[in-house]
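Please look over the points below with the sequence and the model open beside them.

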Amino acid sequence: MRIPLSALIGLVMTGLFVLSALFAPWIAPYPIDAAVGQVWEGPSAQYWLGTDTIGRDILSRLIYGGSVTIFVALVSSLLSFGMGAFFGFLAATRGGWIDTGLSRIVDLMMAVPSLIVALVVLSVLPLNLTVLILVMGVLDSTRVFRLSRAVAADIAVMDYVEAAKLRGEGQGWIIFREILPNAMSPLVAEFGMRFIFAVLFISTLSFLGLGIQPPLSDWGGMVRENKDGLVYGKAAALMPALAIAVLAISVNLVADWILQRTSSLKGGRGG
Amino acid sequence: MADLLTIKNLRIEATAYPPGEAPRHLVLVDDVSVSVQKGRVLGLIGESGAGKSTIGLAAMSYGRGGVRLTGGQVLLNGRDIRAEGAAGLRALRGREVTYVAQSAAAAFNPAKRLMAQVIETSLLHKLMTKQQAEARAVELFRKLGLPEPETFGRRYPHQVSGGQLQRAMTAMALCPKPDLVIFDEPTTALDVTTQIDVLAAIKEAIRDTGVAAIYITHDLAVVAQVADDILVLRHGKAVEYGATDQIISAPKQDYTQALVSVRRIDHAEKTGDAPILRAQDIAARYHGTNFDVLQDVTVDVAAGQTLAIVGESGSGKSTLARVITGLLPARAGKITFDGRTLSPELASRSKDDLRQVQMIYQMADTAMNPRQTVGTIIGRPLEFYFGLKGEAKRARVQELLDQIEMGAGFENRYPAELSGGQKQRVCIARALAAKPKLILCDEVTSALDPLVADGILKLLLNLQAQEGVAYVFITHDLATVKAIADKIAVMYRGKVVRYGQKSDVLAPPFDDYTDLLLSSVPEMKTGWLEAVLKTRRMESAGN
Amino acid sequence: MHPLIKLVAQRIALGLILLLAVSVVIFLGVEMLPGDTAQAILGQSATAESLANLRESLGLNQSATTRYFNWLGHALQGDLGKALTNQQDIAHAIGQRLGNTLFLAACAGIIAVPMAITLGLIAARYNGRWPDKAISGVTLAMISLPEFVAAYFVIFLLTQVIPILQPVSMVFPGMGLFEKLHAVALPVIVLVMVVLAHMMRMTRAAILNVMQSAYIETAELKGLSPMQVIWRHAMPNAVAPIISVVVINLAYLVVGVVVVEVVFSYNALGQYLVDHVAKRDLPVVQAVGIIFAAVYIGLNILADLIGIIANPRLRHPK
C-alpha cells in the first residue's frame, strides 16, 4: 500500500507522542516537580527546552504533561465514540420513537456550544479526572451520534441490506456483517477527529484553570503557568502550545488519509 | 456539399485521478473520422464507454474533467477549432454549436427563470435584441408543443415536468440559430410515452429550422427515427459508418448486426397450470400517506412461467414487488403462495417462505455488499438456508458460478472488480442459491447496455427451463416483455389496466393506455415515428 | 398563506422552543447533577448552619419547578438575580460586558467575513492548483490549533519579535473609538485567524459544490467566460450556502470569544463567565450561559432562514 508523505509524517509524529507518553518516567531527564534550574532559563545543553516559571525542566514537564493530555483525551474520545456509535447505530437501525427521542436529545445538547455547557456543568461538579473525562466524553458523543447515525442510515437503505432482510437475517448479522464493515472507515477517521477535539478541549479547560488540577499538569495548564513570561520575551509558554499544535496536526494528517482511502474504495477498484 | 463539421482521425485521452491511487491514463476515442453536412443529422450510437458523448463535446472542443483532445482535426465551417484559443472557443460555443444535455433537470440553473436561460446565448453573442430573442423563444416554445408558450418562460425549472424541460432545453439550443446542435441522449431519462412526443418535437424542430445536428444515444431504434447517417462506436473506435437505411437494414459488421437484432429473443409462450403465486385484490399505501399506490391489484403466475408487470414510472409496479416480498405489508387483499397464504409482513414469514421467494434488483452495484467476496455473497444463502459449510459450500458455489456462465476464479473477487453484466449474474446466482420457486426481477436489465441485457435475459430463460423457477418480471421496457413473458399485466397509476396471456395482451383491440404504450415503443426501422404520428393524428381527427 | 412564511414561522417557533428547553436544562439539569449546590459553593469546611442559611437564601428548600418558573418570570423582566459572591446585580454586570464582547466579535466579523469569502473564492477558482493548496494547507493547520495557542503565538510574534502591540487589552467606558480599536487589535487578530480558517474552508466547499453542477457545464457551453459563469450561474446558487456558512461561523465566534477574552484579560462576558465558574457562582454562570446559548441558537436559526428563503423551490412553489 502506498502511504502518502503527509500521512507518513502524521503517523510517525503521532507514534512518537504516544511512545513518549507511555514511557514518560523513563524518558524524562528530570523529575516532574523538581525546580532544577533558574527561573525561565533559555534552552541549553542541560535543559533542552529551557526551564519554566519556577525553574522546572520544560522538556520533562512536557513529556509528563503529554501523558496526562493524551490519556484524558484518549479515554474521553473512546467514551464519546463508544456511546455515540452505539446510540447512532441503534437509532438508525431501529428507527421509530427510539430514533426520534435520541435525535431530539442530541439536538438539544448541540444547541449550545460544548464549551459553554462544560463551563456550566463544571461550575457545580468537582474538578477531577473522572468528571472531566465524563463531561467531555458525553458532550462530544453527540457528534459521533450524528455521524454514525447518518452513515448507518445511508447503508441501511442499500439494496444489499434489504436483500439480507429478505433472506431472513437477524439484527446481529445485518449490523455486524452488512452495515459495520461498510461504516468502519469513516468512523475510524472520525475517531481521529474526536481525539483531536478532545486534546483541544482538555487543553482549553486546563488553560482556563477549569481542567486538570495541580499537582497533575497537562499542556494547557503549562501554557497557563508560563503565560506571563511572554511579556518579558520568555518563550516557555510556547513550548506546550507547540506540542498541542503538532499533535493535533499529526493526527489530522492521519485522519485525512484514512478518509481519502475510504472514498477511493467506494469508487471501486478497476471496474 | 461542403461539410459543416469534419472530424479527422480524432484521438481523445484522459487521466483519471482515483483518490489514494496512482493516476490512470485512458484513451477514450481513437482514430475516429466522421462528418456532418448542413441540414443533416448524424447519429452517434454505442454502449456506455463507447466515447459517443466525448466525441459530441469535441465538436465544441470541450473536454469534461481531465479529458483532452490529443490528436486529429476538428474542422468547423472550414477551420480547425482545436487551434482556437479560449476566446475563439467562447465565440463559437453557443453561437455556431449548441448543446442539449441528457438531464435537463440538472442542466438548467435552478435559481433562474427559464426565459432568461433560453435567451442568454443570443444576448451574450449579441445575435439579437432582447425583444427579438424573447419572441423567438416563444415561437420555439410553441413549435415544441410547450403549454402556454407566451408565459412558459416565466417559470423556474422546478415548476415544469421532465419532458417539458427537455423541450425547453431544445428551445435553448435552437434560439441563437446555431449551425449545429449536439443532442446528448435527450430522451433517455424520459418515460416511453413522453419520449415519443419529445422525439417528434425535436425532429420537427430540426426539420423546420434546417439546423444540422449530432444525435447521441445508446438506442439504435431511437436514432433510426431522426438520423440521416449513423456512426456506430465501440470502446472509442468507429465500428461502422453509413446511411441510416443501410445500418438498420443491411449492417455489415457483426457488432452492428448484434445491435440491430437486439431483443429478438424467441420464446414460446407457456400457458395453463395452477398458479404458484397469486396476489388478490391488493391495496397498499406508504406510511404516513392517505393515498393507495396500489388499488385492487390481482395477478398470478404459474410455476416455471413468467409474469411481466409493465408500466411507466409511478405506475406502482415496483410497489407491487415490495408488497409480494412483505417489505410493504398490503393494506388489503391476500397473497397465496404454493397453496398457502403468506403473511403480509416480512417479519412474520417463515424461513422457508422467505427462501422460496427471492429478489433481483435493478442496480446490481448496490445489491451486493462491496466488502464481501463473490464467494461469500453466493455462499451465504447456502449456509443460511441449507447449513452448507466448507467444501460442500465451495463446491455448490462453483456449480452456481458455472450456471451463470462465469466459471472458476470469481469467488475471491469483490463486486467492484466485476463488469456490470457480471455483477447482475452474481445477483442471479445468489437468488438461485436459495433454490426458490419464484424470483422477483425488478428492472434487472434497465441499467445494462442492450447486448449485455440480452445476455442476462437469455440466461434467465435458460435457468427457468433448467430449474422450473417462476419469474415476476417488473419492467418499463416492452421489448423485454415481448422477449420473455408468458403473462403480462399492464399497470397505470396503481391499477392493472390490462392482464392476461402475452398473446392476448399484445393483440388488438387495445384499451387506450396499452395502445399508447405499445405504439410508443420505438421500432428498429426508419419511418416508424412518422407512421405512428400519422396514425395518432388520424385517430384524434376521427374522434 | 404562502408556504414560505409558514416555514419561516415554524423555524422561529422551533428556535424559541429550543431556547426554552435549553434554559430548563441549564437551570434544572445542573441541579440534578450529583452534589449539593450549597456544599459546592461553600466548600467542605462549611458549617451546617451556614449551609442551611445559604439554602434558604438560594431558595433551595422550594421545589425545583417553582424556582425555575420564579427565575424565568424574573429573567423575562430583565432581572437575573444577584451574584452569590458579591451580591452585585447580575443584569447590570452583564449589560456593560455584553457590549464589550459584541464590540470584539463585531470587529473580528467585519474583517474575517470578506477575507474568508475572497480566499474561499480564490481557492475554489484555482481548485487543486498551488493557490488552493497553499490556502487549504495553512487553514488546516489553523483549525488544528485551540484559540489560546493561536493567541500566544500571535502575542509572541507581535509583542516580542515585532513589538508593535500591547499584550493586554483594556477598554473603558469613555474611550474613543480609535483608542478602543487599538486596544482590541491583538484579540481581533486572533479571533480572525481562528474563524477565518473554518469560514474559508466551508466557503470553498460550498462554491466547489455548486461548480460541480451540470448547469455550470451548460453555461460554459454557451460560451460564457469563467468569471461570467461564476457571477451569473454559480453565485445565485452559492450565495445562500455561503451566507449560511458565514452565520454558522459567527456562532462559532461566540465560543472563541470566551477563551480570547481570558487570554487578553479583556473585561467582557466570557471573562466574567470563566471567573464565576471558578468561584462556583451558579446564578451568574446560568445567566451568562443562557445568553451565550441564545446568541448561538439565534445565529443558527438565521442561517436556516437564509437557506429557506434563498431556495427557489420554496420561494416559487409549483
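1. Chain B has 543 residues, for which a compact globule would have a radius of gyration near 24 Å; the value for chain B is 26 Å, which agrees. The radius is taken over C-alpha atoms, and the globule rule is 2.2 Å times the number of residues to the power 0.38. The C-alpha trace of chain B spans about 75 × 60 × 45 Å along its principal axes.

2. This is a predicted model, in which local features need pLDDT of at least 70 and side-chain atom pairs count only at pLDDT 80 or more, while totals for chains, interfaces and linings use all residues. Residues are numbered from 1 along each chain as its sequence is written, and chains are lettered from A and ligands numbered from 1 in the order in which they are written.

3. Chain B contains 22 helices and 20 strands. Both are DSSP runs numbered from the N terminus: helices are H or I with at least four residues, strands are E with at least two. Of the 543 residues in chain B, 46% are buried (20 or more other C-beta atoms within 10 Å of the residue's own; exposed means 12 or fewer, partly exposed in between, with C-beta atoms placed from the backbone). Among the contacts in chain B with a separation of 6 or more, 69% join residues 24 or more positions apart; a contact means C-beta atoms, placed from the backbone, within 7 Å.

4. Chain B is divided into domain 1 (3-104 + 180-260) and domain 2 (295-507), with bounds from an automatic or database domain assignment. Their centres, taken over C-alpha atoms, are 36 Å apart. Eight residues of domain 1 of chain B are in contact with six residues of domain 2 of chain B. On the domain 1 side, α8 (192-209) and α11 (254-260) of chain B are the elements that give two or more residues. That side has three nonpolar, three polar and two charged residues. Here Ala, Val, Leu, Ile, Met, Phe, Trp, Tyr, Cys and Pro count as nonpolar, Asp, Glu, Lys and Arg as charged, and the others, Gly among them, as polar.

5. Is F108(B) buried or exposed? F108(B) lies in the loop between α3 (104-107) and α4 (114-124) of chain B, and it is buried because 25 other C-beta atoms lie within 10 Å. Leaving aside residues up to four places away in sequence, F108(B) touches Q117(B), P157(B), L165(B) and, in chain C, Y215(C).

6. Between chains B and C, 24 residues of chain B are in contact with 16 residues of chain C. The elements giving two or more residues to the chain C side are α10 (214-221), α11 (226-263) and α14 (312-315) of chain C. α10(C) gives the most, with four residues. By class, the chain C side divides into six nonpolar, seven polar and three charged residues.

7. The contact between chains A and C takes 36 residues from chain A and 41 residues from chain C. On the chain A side, α5 (114-122), α8 (171-207) and α10 of chain A each supply at least two residues. α10(A) gives the most, with seven residues. The chain A side has 29 nonpolar, six polar and one charged residues.

8. Helix α10 (residues 238-267) of chain A has the lowest mean pLDDT among the elements of chain A, 77; pLDDT is the predictor's confidence in each residue, from 0 to 100. Over residues 264-271 of chain A, pLDDT stays under 50. Where pLDDT is low, the predicted coordinates should not be read in detail.

Note on methods: Two residues are in contact if their C-beta atoms, placed from the backbone, lie within 7 Å.
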